[in-house]
Amino acid sequence: MVDPALIGLFGLCFTAATLLPGGSEAALVALAVQGAHPPWLLLVLATLGNVLGSVVNFWLGRGMRHLVGRRWFPVTAVQLARGEALFQRYGAWTLLFSWMPIIGDPLTVAAGSLGVRFPLFVMLVTLGKLARYSVVMVLTLGVLGAV
């Protein structure tokens with residue numbers, strides 16, 4: 001049977017990466033502190049969930065660009081324009097920062113709308129999100145080891 005805590009972690013990380021609001025680091029830290037699961041498993045689930053959430057944003061950008069600017073659509077025209085401007089200035093490497101609050105989601109939508117190759121998108125987003133969650137885990141486990 002799959003542990004509900006692991007499903008919850010995956011779900012929170014997935015949701016946090018979509019255009020819906022949410023945070024995932026607290027759940028990752030809580031499970032790491034609990035110590036009931038191997039840290040590598042928590043890291044893999046958090047990263048996978050977060051990357052898959054960004055994939056949703058990518059496909060929204062690819063197929064729903066015409067919805068940007070509508071009041072109910074979660075990415076405004078201004079946010080998308082900023083994301084696209086970053087892409088035009090720095091290229092797809094900006095996806096390494098897709099984990100950042102406020103700019104990360106628009107970056108992943110912009111990547112889809114600008115036609116970034118999907119394998120490149122997945123590679124760069126995965127590297128960025130894995131690095132972020134790795135830092136969170138190292139800091140958490142380091143604090144636990146110091147106690």
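# Helices, cores and contacts in a predicted model

User: What span should the 14 residues of helix 4 (residues 77–90) have at 1.5 Å a residue, and how far apart are its end C-alpha atoms?

Analyst: Helices here are DSSP runs of H or I with at least four residues, strands are E runs of at least two, and both are numbered from the N terminus. The expected span is 1.5 Å times one less than the number of residues. For helix 4 that gives 20 Å, and the end C-alpha atoms agree, lying 20 Å apart.

User: Which pLDDT do local features need in this predicted model?

Analyst: Residues are numbered from 1 along each chain as its sequence is written, and side-chain values use heavy atoms, without hydrogens or water. The model is predicted: totals for chains, interfaces and linings use all residues, side-chain atom pairs count only at pLDDT 80 or more, and local features need pLDDT of at least 70.

User: On which side of helix 4 do its buried residues lie, and how wide is their arc?

Analyst: L80, G83, E84 and F87 are buried in helix 4. Buried means under 20% relative accessible area, exposed over 50%, and partly exposed in between, with a 1.4 Å probe and protein chains only. The arc is taken from the directions from the helix axis to the C-beta atoms. These residues sit on the same side of helix 4, because they cover an arc of only 95 degrees.

User: Which residues are exposed on the other side of helix 4?

Analyst: The buried residues of helix 4 pack against helix 5 (104–113). On the other side, the exposed residues are R82 and R89.

User: Which residues does E84 contact?

Analyst: E84 belongs to helix 4. It counts as buried because its relative accessible area is 12%. Contact means heavy atoms within 4.5 Å. Leaving aside neighbours within four places in sequence, E84 contacts R65, A110, S113 and L114.

User: Is Q79 buried, exposed or partly exposed?

Analyst: Q79 is in helix 4. Its C-alpha atom lies 18 Å from that of G53, 26 residues away along the chain. At a relative accessible area of 25%, Q79 is partly exposed.

User: Which residues of the largest nonpolar core touch the most other members?

Analyst: A nonpolar core is a set of buried Ala, Val, Leu, Ile, Met, Phe, Trp, Tyr and Cys residues joined through side-chain atoms within 4.5 Å. The largest has 21 residues, and those touching the most other members are V75, L80, F87, L95, A111, V116 and F121.

User: Which elements give two or more residues to this core?

Analyst: A111 is one of the core residues with the most partners. Not counting residues up to four places away in sequence, A111 touches F58, F87, L95, V116 and F121. The elements giving two or more residues to the core are helix 3 (39–63), helix 4, helix 5 and helix 6.

User: How long is the polar contact that joins the side chains of T108 and N57?

Analyst: T108 is in helix 5 and counts as buried, at 0% relative accessibility. A polar contact is a pair of N or O atoms within 3.5 Å; within protein, one must be able to donate a hydrogen and the other to accept it, and residues adjacent in sequence count only if both atoms are side-chain atoms. The T108–N57 side-chain contact is 3.0 Å.

User: Which residue caps the N-terminal end of helix 1?

Analyst: L6, L9, C13, A16 and A17 are buried in helix 1. They fall within an arc of 95 degrees, so they line one face. On the other side, P4 and I7 are exposed. At the N-terminal end, a side-chain oxygen 2.8 Å from the backbone nitrogen of A5 comes from the cap, D3.

User: Which residues form a salt bridge with each other, and how far apart are the closest N and O atoms?

Analyst: A salt bridge is a side-chain nitrogen of Lys or Arg within 4 Å of a carboxyl oxygen of Asp or Glu, and the count is one. It links helix 2 (residues 25–34) to helix 6 (residues 118–146), across 107 residues. E25 is partly exposed at 29% relative accessibility, whereas R132 is buried at 11%. The pair is E25 and R132, with closest N and O atoms apart by 2.9 Å.
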